[in-house]
2 protein chains.
Amino acid sequence: MSNQPITPTPHRSPLSTEALGILFTESRTPRRFLPTPVTDEELQAIWELTRWAPTGHNSQPLRAVFARTPETRERILPHLAAGNAIKSKSAPVVAVLAYDTRYHQHLETLTPYNPTLQHHYETNPEERRTKGLFNATLQCAYFILAVRALGLSAGPIGGFDRPALNTALFPNTTYESLLVVNIGHIDNSALHPRLPRLDRNLTITMI
Amino acid sequence: MSNQPITPTPHRSPLSTEALGILFTESRTPRRFLPTPVTDEELQAIWELTRWAPTGHNSQPLRAVFARTPETRERILPHLAAGNAIKSKSAPVVAVLAYDTRYHQHLETLTPYNPTLQHHYETNPEERRTKGLFNATLQCAYFILAVRALGLSAGPIGGFDRPALNTALFPNTTYESLLVVNIGHIDNSALHPRLPRLDRNLTITMI
């Protein structure tokens, strides 16, 4: 521990109630989208936000494919569960978020403070996979909130045929699909009532 | 598909650059905290945000324990890797985020549209675990960004002895620890230079 006096740091304010609503409390998962397009600049901005949020050992194992046309979405839709495919059909963009099973190849650059980590993961494939999937999944959630933070709606879809989608979209690569995310402007007229959340007394404990 | 004309919906604006900085682009993982305390109201607000972000089948498998005193933190610290324990020592609050392996018990309430799902997971423990861990991990990331959204700093820690921490904190429960998160006000004087992020051309593809 340093003996230096602690440098005073200005405390940050919480985000506005409106911003917290957009990110967390008011946003809904779209069942249908408006025809308003999503631009390439918006898609790049989603990734630019996502990539700065923290991952273990700065490992950043997530990759993303953005399907922006009816033809490219057609490569994805047949592999989604039927009810999900309908939702994706109206989405201007369908993103497939994938885990790069060889993410550790970049650790020499990403974790310069730990020069043996890349080799450690090369020789410990089980630990590499467990940690890689955990960190890629964290990044899936950052991605969802980044979409919302940019004023768009995110529709995450977990119900799809993983091996089939991997074959269709990632042949001869080291990627495995984790989550499909519809992206666009929500059509609020198609929403159902919101589902309940668990009570605090079932979920958090103060000690 | 409905034949009704699409109801015009006001498009949302992106959050401010300042808010995007607090959430994603400017925030850092603290190595040391200021002594400023974190209130119980702030901890409850973190959870109130976290619980509204989406999970598969609205399953919400994450649970949180907030250790707020030196004595309760002492139950956690011995199980962290040495370098991590030092960071947690200065944190006013140390949260342990855990996966409830029996989360499906609540699905009758949480997914009223799918009355057979609870039984399905009861009889398919492998699928239950894979999906439960995925959704609990999404919620870990929501939690980290909720801490930031409230003007606090989050220090996620993956390096700890999971079985030992589970025994210390969750005896006779169905919880398994996933992530430790230090919470407080960051001491910026203790930061190292920021680590790099992967280039866009390595991580995203537009099709």
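Which residue forms a salt bridge with A:D40? I started my notebook with that one, keeping in mind that this is a predicted model.

**Entry 1: the A:D40 pair**

I looked up A:D40 and found A:R68 as its salt-bridge partner, with the closest N and O atoms 2.8 Å apart. The two sit in distant parts of the chain, 28 residues apart. A:D40 belongs to helix α2 (residues 40-50) of chain A, while A:R68 is in the loop between β1 (62-67) and α3 (70-73). Then I checked how open each one is. A:D40 comes out partly exposed, at a relative accessible area of 28%, and A:R68 is partly exposed too, at 31%.

**Entry 2: what else A:R68 does**

I stayed with A:R68 and turned to its backbone. Its backbone nitrogen lies 3.3 Å from a polar atom of the side chain of A:T72. A:T72 is in helix α3 of chain A, and I noted it as buried, with 12% relative accessibility.

**Entry 3: more salt bridges**

How many salt bridges does a search of the whole structure find? Over all chains, the search gives 14. As background, side chains of opposite charge can pair when their charged atoms come close.

I picked out two further pairs in chain A. One of them is A:E48 with A:R51, whose side chains meet at 2.9 Å, N to O. A:E48 counts as partly exposed at 30% relative accessibility, whereas A:R51 is buried at 15%.

The other is A:R63 with A:D100, at 3.5 Å from N to O. A:R63 lies in strand β1 and A:D100 in strand β2 (residues 93-100), so this pair ties together parts of chain A that are 37 residues apart in sequence. Are these two buried or exposed? I found A:R63 buried, and A:D100 as well.

Next I went through the loop between α2 and β1 of chain A, where A:N58 has its place. A:N58 is not a glycine, yet its phi is positive, about 50°. It is buried, with a relative accessible area of 7%.

A:Q60 is found in that loop between α2 and β1 as well. Its phi is near 45°, again a positive value in a residue other than glycine. I have A:Q60 down as buried, at a relative accessible area of 3%.

**Entry 4: chain A as a whole**

I stepped back to take in chain A. Its secondary structure comes to 9 helices and 5 strands. Read along the sequence, the pattern is α-α-β-α-α-β-α-α-α-β-α-β-α-β. The C-alpha trace spans about 60 × 45 × 40 Å along its principal axes. Of the 207 residues in chain A, 53% are buried. I also looked at contacts with a separation of 6 or more: residues 24 or more positions apart account for 80% of them.

**Entry 5: how the two copies are related**

I laid chain A on chain B.

**Entry 6: where the chains meet**

How many residues does the contact take from each chain? I wrote down 88 from chain A and 88 from chain B. The area buried between the chains is about 8100 Å², and carbon and sulfur atoms give 68% of that. A:R12, A:W52 and A:I207 supply 11% of the area chain A buries against chain B, more than any other three residues.

I searched the interface of chain A and chain B for salt bridges and got 0. Polar contacts are another matter: 28 residue pairs turn up across the interface. On the side of chain A that touches chain B, helix α7 (residues 125-149) gives the most, with 11 residues. That side divides into 49 nonpolar, 25 polar and 14 charged residues.

Conventions:
Residues are numbered from 1 along each chain as its sequence is written. Chains are lettered from A and ligands numbered from 1 in the order in which they are written. This is a predicted model: local features need pLDDT of at least 70, side-chain atom pairs count only at pLDDT 80 or more; totals for chains, interfaces and linings use all residues. Side-chain values use heavy atoms; hydrogens and water are left out. A salt bridge is a side-chain nitrogen of Lys or Arg within 4 Å of a carboxyl oxygen of Asp or Glu. Helices (H or I, at least four residues) and strands (E, at least two) are DSSP runs, numbered from the N terminus. Buried means under 20% relative accessible area, exposed over 50%, partly exposed in between (1.4 Å probe, protein chains only). Contact means heavy atoms within 4.5 Å. Buried area is the accessible area (1.4 Å probe) that two parts lose on being put together, summed over both. A polar contact is a pair of N or O atoms within 3.5 Å; within protein, one must be able to donate a hydrogen and the other to accept it, and residues adjacent in sequence count only if both atoms are side-chain atoms. Ala, Val, Leu, Ile, Met, Phe, Trp, Tyr, Cys and Pro count as nonpolar, Asp, Glu, Lys and Arg as charged, and the others, Gly among them, as polar.
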